[in-house]
Amino acid sequence: MTGWAYALLCVLGPAAWGMLMYLLFGWVQERRRRPRPRNAELPAADYSI
Amino acid sequence: VFSAELWVHAQPVPLPGIIALGIAVGFVSGLFGVGGGFLLTPLLNVVFGVPLPVAVGTGLALIVGTSLPALLRHQSQGQGELRFDILMLAGSLLGVDAGARALDTLSRLGAISMAGRTFPAAALVVQSGYVFLLAGAATLFWRQRLAGANLPGAGRPGPLARWSFPPRVDLPAVQLRGVAVLPIAYLGFGLGFLAGLLGVGGGVALMPVLIYGYGFPLRQAAGTGILVLVASAALGTFLHARQGHVHLGLVAALLVGASLAAQAGVLATRRLSVSTLRRLFAGVLLAAAAAVVWHLLKQSSGR
């Protein structure tokens, strides 16, 4: 038998990682989906062609 | 000094191989929308020689880390029938305890003789369970009946939804009324038992029941059962960890690869022909089932 602390760590460790992944990928997805603000600076025109 | 090996119960396990396994299982779970526990736990045991109880406990800890973000995502998108989960919950927790005790008893039982051969009891029962799960999942994938495939019966009340006796419950998210409560509770017990004994989430077993048994629409079926999965995996991890059957290093190595590869798998669904890959994956599952049978026969001794 191992200690309660180790058993709790085995549950809470992966749970904390899962929570972190949810927040991280949620944030990344939100950034991708968000439209560009109306008054945002436009990218510089490219006349190279 | 960095070592490319993890020591699991005095046995070396190659770290790159474990990371590769986590990446492969995570990618598959992202691509097909399945948990992947039914593939990971047997492979840990058969390919990497991780002792069976440790493979089960470690597999459950991995499920905690991968299913929690899935639960939060489905809830935020309003997918899943939460009442169904709550009705399964108590049964599933009892089932996890029963499954973990059964594995412990089988591990202490020693050997069983069958058909002229002697098998370790725990290996015979658990690995037979894996073979059934892998072969069943392979059949479903081959017939294109999981995760996004054509589902002719989905959306109409199935035979289990029409089987009505008190106490009853309404399931508004899937538009079912007067569904019997007891079969749902027993279903939870069955899933919990699978988790405690085999270290698998049981999503592969639950999805056909929800879709064909109850007639859940696919999107609602995908979001149902995850709360039970998180709770039963957490309890199962705790119970197995108390017996020293969870290896945290192994969990960490698997979890990092699996979490990142799952996102890659989701992105890959936009670029790859998933229906072709599903048939290929069915072949991989059958090969894994054959490997488990071979491993079981290798562990046995003849007349």
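Which residues of H12(B) are buried? I will answer that after a few words on the model.

This is a predicted model, in which local features need pLDDT of at least 70 and side-chain atom pairs count only at pLDDT 80 or more, while totals for chains, interfaces and linings use all residues. Residues are numbered from 1 along each chain as its sequence is written, chains are lettered from A and ligands numbered from 1 in the order in which they are written, and side-chain values use heavy atoms, with hydrogens and water left out.

Now the answer. In H12(B) the buried residues are B:Val274, B:Arg278, B:Phe281, B:Ala282, B:Leu285, B:Ala288, B:Ala289, B:Val292, B:His295 and B:Leu296. Buried means under 20% relative accessible area, exposed means over 50%, and partly exposed is in between, with a 1.4 Å probe and protein chains only. Helices (H or I, at least four residues) and strands (E, at least two) are DSSP runs, numbered from the N terminus.

What do the buried residues of H12(B) pack against? They pack against H1, H2, strand E4 (117-120) and H5 of chain B. Contact here means heavy atoms within 4.5 Å. As for length, the 26 residues of H12(B) should span 38 Å at 1.5 Å a residue, and the end C-alpha atoms are 37 Å apart, which agrees. The expected span is 1.5 Å times one less than the number of residues in the helix.

Next, helix H1 of chain B, residues 15-32. Its 18 residues should span 26 Å, and its end C-alpha atoms are 26 Å apart, which agrees. The buried residues of H1(B) include B:Leu15, B:Ile18, B:Leu21 and B:Phe32. Glycines are also on that list, among them B:Gly22, B:Gly26 and B:Gly30. The partners of the buried residues of H1(B) include strand E1 (5-8), strand E2 (11-14), helix H11 (248-268) and helix H12 (274-299) of chain B. Just after H1(B), B:Gly33 takes a positive phi of about 70°.

Now chain B as a whole. Its secondary structure comes to twelve helices and six strands. Of its 303 residues, 53% count as buried. A compact globule with 303 residues would have a radius of gyration near 19 Å, and chain B has 19 Å, which agrees. That radius is taken over C-alpha atoms, and the globule rule is 2.2 Å times the number of residues to the power 0.38. The C-alpha atoms of chain B fill a box of roughly 55 × 45 × 35 Å, taken along the principal axes. Of the contacts in chain B with a separation of 6 or more, 78% are between residues 24 or more positions apart.

Chain A has one helix and zero strands. Buried residues make up 14% of its 49 residues.

B:Val56 is found in helix H3 (residues 52-76). Why does B:Val56 count as buried? Because its relative accessibility is 0%. B:Val56 and B:Gly196 are 140 residues apart in sequence and 7.9 Å apart in space, C-alpha to C-alpha. Not counting residues up to four places away in sequence, B:Val56 touches residues including B:Thr41, B:Tyr130, B:Gly196 and B:His240.

B:Ser92, in helix H4 (residues 82-109), is also buried, with a relative accessible area of 0%. Leaving aside its neighbours within four places in sequence, B:Ser92 is in contact with B:Gly188, B:Phe189, B:Gly192, B:Val228 and B:Ser232.

B:Arg270 is in the loop between H11 and H12. B:Arg270 is exposed, with a relative accessible area of 64%.

Last, the backbone. Most residues other than glycine have a negative phi, and most peptide bonds are trans. Which residues of chain B are joined by a cis peptide bond? B:Pro166 and B:Pro167 are, with omega about -10°. B:Pro167 is in the loop between helix H6 (159-162) and strand E5 (168-171).

B:His9 is not a glycine, and its phi is positive, near 50°. B:His9 lies in the loop between E1 and E2 and counts as partly exposed at 48% relative accessibility. B:Gln175 has a positive phi near 55°. B:Gln175 is in the loop between E5 and strand E6 (176-180) and is exposed, with a relative accessible area of 72%.
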